[in-house]
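Open the model in your viewer and keep the sequence panel beside it. Each stop below gives a selection, then what is there.

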Amino acid sequence: MFHELYFRNHPNDFEQMGLDFQVMVTKFYQHILALAFAVNEINENPEILPNITLGFHIHDSYYFERMAYRTILDLLFKSQRFVPNYRCGPEKNLVAVIGALGSDLSFHMAELLGAYKIPQLHSFLQATFLNNSAGEIISFNDHGELITGFDIMNLVIFPNNSFLKTKIGMVNPNNHDGNQFITNENMMEWRARFNQVLPLSACSLSCQPGNLKTKQEGKKFCCFDCLPCPEGKMSNATNMKECFECPEDQYPSKSKNKCVPKDISFLSYDDPLAISAASVAFSFFLITALVLAIFIKHQDTPIVKANNRDLSYILLVSLLLCFLSSFLFLGRPGKVSCFLRQAAFGIIFSVAVSCVLAKTITVVVAFMATKPGSNMRKWVGKRLANSIVLFCTSIQVVICTVWLGISPPFPDLDMHSLTGLIVVECNEGSFIMFYLVLGYMGLLSVISFTVAFLARKLPDSFNEAKFITFSMVIFCSVWLSFVPTYLSTKGKYIVAVEIFSILASSAGLLACIFFPKCYVILLRPELNNKDHLIKRKN
């Protein structure tokens with residue numbers, strides 16, 4: 001049991017009270033005197049609240065919620081007797097209630113008073129300005145909060161029961177740089193039985209770096225949620241109210257708490273994808289060179305002479321260059337490689353497709369010239385085929401020349417397509433010209449396919465029309481699928497898609513047009529003679 005506490009005794013006489021630790025009872029009556037003094041000053045000064053006289057009632061809350069509720073009801077309704085929700089007696093003009101010293105009791109009081117539309121003092125003093133006795137302006141904001149600073153004091157108790165108040169910090173709400181609450185931890189003197197750390201005045205844990213601090217609606221200002229920073233942003237400090245974007249050459253880390261330098265990305269020669277593409281391109285280059293060597297060695301045989309031997313040589317050389325042009329797309333893009341690669345690709349492929357078209361037209365003209373009285377005999381020969389190749393290729397040369405003259409491709413850095421990567425690429429300069437080159441090549445392919453399809457059953461010896469039809473089906477399929485794939489791919493894989501299209505379409509032309517002839521030349525030489533040629537014509 002504890003002895004009763006009397007205000008006649010000094011509160012520091014601990015031994016008489018039977019307490020094993022030191023306590024100090026503060027003089028709460030000073031608050032009452034301060035209230036009475038403030039009300040008296042306000043009433044006597046006509047400049048503060050003119051034509052208004054304040055009064056006050058003081059009730060004890062007993063530091064007990066139930067008694068606090070009863071005391072409030074007494075304040076509101078009791079005169080001679082207690083009848084809740086009825087006012088029996090002189091009218092009281094109650095405009096506000098000042099809460100208890102403890103915030104927990106004040107919250108309970110606010111709940112009950114809110115039902116009767118009675119504010120706390122801070123609501124009553126919203127946006128109010130007062131002058132104190134020193135002539136200083138005391139103001140309250142729209143939330144009823146006092147706009148002023150406070151000193152934070154540390155009460156140090158000495159062994160002789162004396163104490164000393166030391167200023168260890170301050171609260172300055174006018175500081176808008178985030179330093180509204182300042183303390184000097186080195187000056188703090190902690191009691192041995194305390195935790196020796198600063199108390200937390202928040203109902204939520206601090207938001208760690210990588211998160212965004214957002215206020216919880218309808219709750220106290222110290223209650224907040226921590227949300228992860230959105231994609232592409234980061235926060236590198238605690239309790240950040242907004243996330244920030246990294247510089248262009250950096251990106252947020254996985255935890256979004258710092259910026260990390262981006263890696264450089266391009267289809268380098270040591271990349272497995274580049275090694276595979278280079279191996280395939282070089283293999284087909286060797287195969288094409290072997291086919292060309294076979295044709296040169298057997299250039300006087302009927303199967304090589306059929307359908308214009310010179311066109312076959314031009315087509316094989318253009319296919320050699322097609323396979324080699326894929327190497328312009330490998331490695332780090334530079335000024336020269338960016339300038340040349342699309343134009344070289346477009347012109348070389350136009351030569352190849354023009355040769356295929358010329359071969360097909362040669363078959364049709366040769367068949368029509370065999371009819372009695374036909375005027376097509378004057379078109380039979382190398383001149384027509386060479387003119388077709390020259391004319392069709394010249395149009396593509398003009399398109400590429402205009403492209404390189406007005407808006408040539410150039411090396412560029414793509415900072416945004418892929419997270420964490422800076423893609424070194426060739427900016428095509430003018431995408432209209434780029435698709436115009438592809439469109440013209442596609443037009444030649446469609447015309448070649450149409451003519452070859454119509455001529456596939458003509459009775460000519462070693463008729464290539466059906467093989468050209470197959471090759472054009474492959475060629476058109478590859479480049480029709482290239483466009484949507486090119487548009488939906490990012491980074492170095494865009495280059496890989498174009499290399500694959502070049503190799504696949506070139507390999508289709510080589511296989512469909514020349515492999516059947518090489519089969520006859522190497523494995524069935526008995527079919528490569530004039531007698532068999534005459535039999536097939538008959």
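Select Ile-264 and Ile-422. Ile-264 stands opposite Ile-422, which belongs to strand 14. Now widen the selection to residues 421-427, the whole of strand 14. Strand 12 runs parallel to strand 14, and three bridges join them. Strands here are DSSP runs of E with at least two residues, helices are runs of H or I with at least four, and both are numbered from the N terminus. Two strands count as paired if DSSP finds at least two bridges between them.

A word on the model before moving on: it is predicted, local features need pLDDT of at least 70, side-chain atom pairs count only at pLDDT 80 or more, and totals for chains, interfaces and linings use all residues. Residues are numbered from 1 along each chain as its sequence is written, and side-chain values use heavy atoms, with hydrogens and water left out.

You now have an open sheet of three strands, in the order 12-14-13, with mixed pairing.

**Helix 6**

Select 272-297. This is helix 6, with 26 residues. At 1.5 Å a residue it should span 38 Å, and its end C-alpha atoms are 37 Å apart, which agrees. The expected span is 1.5 Å times one less than the number of residues.

Colour the buried positions next. Buried means under 20% relative accessible area, exposed means over 50%, and partly exposed lies in between (1.4 Å probe, protein chains only). Among the buried residues of helix 6 are Ala-274, Ala-277, Ala-278 and Ala-281. Further along, Thr-288, Val-291, Leu-292, Ile-294 and Phe-295 are buried too. An α-helix has 3.6 residues a turn, so residues three or four places apart point the same way.

What covers the buried residues of helix 6? Show helix 7 (302-305), helix 8 (309-325) and helix 13 (492-523); the cover includes these three.

**The disulfides**

Select the cysteines. A search of the whole structure finds four disulfides, counted as pairs of cysteine sulfur atoms within 2.5 Å. Three of them are visited here.

Start with Cys-207 and Cys-226, joined at 1.9 Å from S to S. The torsion about their S-S bond is about -95 degrees, so this disulfide is left-handed. Cys-207 sits in the loop between strand 5 (181-183) and strand 6 (211-215), and Cys-226 in strand 7 (residues 224-228), so the pair ties together parts 19 residues apart in sequence. Cys-207 is buried at 0% relative accessibility, whereas Cys-226 is partly exposed at 34%.

Move to Cys-229 and Cys-243, with 2.0 Å from S to S. Their torsion is about -75 degrees, so this link is left-handed. Cys-229 is in the loop between strand 7 and strand 8 (233-234), Cys-243 in the loop between strand 8 and strand 9 (244-245), 14 residues apart. Both count as buried: Cys-229 at 2% relative accessibility, Cys-243 at 10%.

Then pick Cys-246 and Cys-259, at 2.1 Å from S to S. This link is left-handed, with -90 degrees about the S-S bond. Cys-246 lies in the loop between strand 9 and strand 10 (250-252) and Cys-259 in strand 11 (residues 259-261), so the pair ties together parts 13 residues apart in sequence. Cys-246 is buried at 15% relative accessibility; Cys-259 is partly exposed at 23%.

**Lys-256**

Select Lys-256, in the loop between strand 10 and strand 11. Is Lys-256 buried or exposed? At 15% relative accessibility, Lys-256 counts as buried. Leaving aside neighbours within four places in sequence, its contacts (heavy atoms within 4.5 Å) include Cys-229, Pro-230, Glu-231 and Lys-233.

**Zoom out**

Buried residues make up 35% of its 538 residues.
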